[in-house]
Amino acid sequence: MPESVTITDNRTGKSAEIPIKEGGVSAAEWSKLLPGIWFYDPAFGATAECESSITFIDGDAGILRYRGIPIEQLAEQSTYLEVAYLLLNGELPNKEQLAKWTHDVTQHSFIHENVRKRFLEGFHYDAHPMGMLVSAIAALSTFYPDAKDIFNPESRYLQTVRLIAKMPTISAAAHRFSVGMPFVYPDNELSFAENFLSMMWKVAEPHYKADPRLVHAIEVLFILHADHEQNCSTTTMRVVGSSHADPYASTASAIAALYGPRHGGANEEVLRMLNEIGSVENVPAFVESVKAGKGLLYGFGHRVYKNYDPRAKIVQKVAYDVFEVTGKNPLLDIALKLEEVALADDYFISRRLYPNVDFYSGIIYQAMGFPVEMFPVLFAIARTTGWLAHWAESLESKARIARPRQIYTGYDERPYVPMAKRS
Ligand code: ACO
C-alpha cells in the first residue's frame, strides 16, 4: 500500500499525490495544488508546527521519552541538570561534561541586585509570583544585551545557562518577598534542587540542609516537567523565538502561556478544587456536578494523552515518599477517591480523560510547604530547559517567522460612516 494521500480539487479535477513522511503530510505540497485554500485547524489539533528530535509522546500508549530515553528511567536514575543537558544537547553527558555543565549553572545562579531590589521589591505585597516571574525574566533581557546575538552558539550557551540558573533564584525571591522574609543568596556548595530549597526555606541557620528525600522529590518533579514537546508554552516559545526576539523575552512569553489554569496553572486549580470538595464523601456529588457542566475536574484530561499520563504514575509514587517526611496530606484521600470514581464513570471513560501530571503534584508541593501560588512557578523552573531546547532547535532549523492564516468571516467592503450619520 503506498504511504501517501491523493487529494483532488473537484472544481478543476486536478489531483496531487502527497507522500506521508514520519506520520505527516507537507502543507506546502497541498498548497501547490490548492493555493489560497487554508487548513482550518483552531488550536492546532491536527497541525505539526515543526520537526523535532527532542521529546517523543505516544498519547494512546501513555509513552514519554526525552531524546529516546523513557521518562521512567530518567526519573529513577538521573538528575534534573543531567536531564537538562540531555534535552539541550541530545546525548547524556560524560563525567567531565556533566561537571562543567553543573559548574556553569551553579556559577550563574546569582541575580543582579537591581532585579531583586528594584523590580521584585517594587511589586505589591500580594503579587502572584508567576506575574513577578514573567516580568523579571523579561527584564533580564535589558541586563544582557549580548543575548540578542542569537546565532552565536557561545552567546546562546551563556543565556541558556543564565536562564536555567536564575529561574530558581528569582522564583524563591518572589516567594520570600510575598511572605516578608529576607532574600536568601544562592549557595554554590549545594546541588540545583538543594540550593532552591535553601533559598525558599532558610531562616537563620548558616547552611540550610534539606531532607534528602525531599531533594529527591524535587529532582524527580523537575525531570517530569522538563519538557513535553509542543505544549502551549513551548509553542509560544517557538513562535516568539521565530521573530528572533532574545531568549529572555521569548522565555517570558512562554511563562505567560504557562500561567493559565488550562496549562501550568492547573496544579493550583487542583488544590483549590480538592479543598472545595472538602471530604471523601463529597466526591460523588462533585463528579456529578462536573458531568452536569458546572466546572472541570482539574488535573484530568490532556490534548495528547488518551491514556494514563506516565508522569502521573511516577508523581503518585513520589507522593508517598514525601509523606514519609512531611506526614500525609489529607487531600490525598480525596484525590484517590476522585480518581477512582472518575475512572469508573462513563463520562470520563468515553472521553478518555485520565489524570495528568498535575493531578498529584500540587498535593506533594503543599505537603512540602509551598503555597499554591508557587505551584506553576515550580513548573516554570523545570520547563525552562525544554523551552530553551526547542528555541535552539527552532533557530538551528532556520525556521521561518511563524505566521498562520485565518478564515476571514467579517464584513465585505463598506464605507466609513461619519459620527453625525451614525445611529
Ligand atoms: N473535566 C471535565 N470534562 C473535561 C475535562 C475535565 N478536566 N477535560 C476535558 N473534558 C471534556 C470536555 O468538556 C469535552 O467534552 P465534550 O466532548 O462533551 O464537549 C471533552 O472532554 C474533550 O475535551 P476538550 O476540551 O476538547 O480537550 P482539549 O484537548 O481541548 O483540552 C485540556 C485539554 C485543556 C487539558 C482539558 O482536558 C482541561 O481543561 N483539563 C483540565 C485542566 C488541566 O488539568 N490542565 C493540565 C493539562 S496538563 C499540563 O499542562 C501539564
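What distance separates the centres of domain 1 and domain 2, taken over C-alpha atoms? The centres of the two domains are 40 Å apart.

## Model and domains

This is a predicted model, in which local features need pLDDT of at least 70, side-chain atom pairs count only at pLDDT 80 or more, and totals for chains, interfaces and linings use all residues. Residues are numbered from 1 along each chain as its sequence is written, and side-chain values use heavy atoms, with hydrogens and water left out.

Domain 1 covers 4-39 and domain 2 covers 54-397; these bounds come from an automatic or database domain assignment.

## Aromatic pairs

The whole structure holds 20 aromatic pairs. Rings of Phe, Tyr and Trp (its six-membered ring) pair if their centres lie within 6.5 Å; planes under 30 degrees apart count as stacked, over 60 as edge-to-face and the rest as tilted. Phe119 and Phe143 form an edge-to-face pair, with 6.4 Å centre to centre and 65° between the planes.

Tyr365 and Phe370 also form a pair; their planes stand at 80°, with centres 5.9 Å apart, so this pair is edge-to-face. Both Tyr365 and Phe370 are buried (under 20% relative accessible area; exposed is over 50%, partly exposed in between, with a 1.4 Å probe and protein chains only). Phe119, at 36% relative accessibility, is partly exposed, and Phe143 is partly exposed at 23%.

Ring pairs link Tyr365 and Phe370 into a cluster that also includes Tyr80, Phe192, Phe196, Trp201, Phe222 and Phe375.

## Charges over rings

The charged end of Arg351 lies over the ring of Tyr347, 3.8 Å from its centre. For Arg414, the charged end sits over the ring of Tyr411, at 3.5 Å from the ring centre. Such a contact requires NZ of Lys or CZ of Arg within 6 Å of the ring centre and within 35 degrees of the ring normal.
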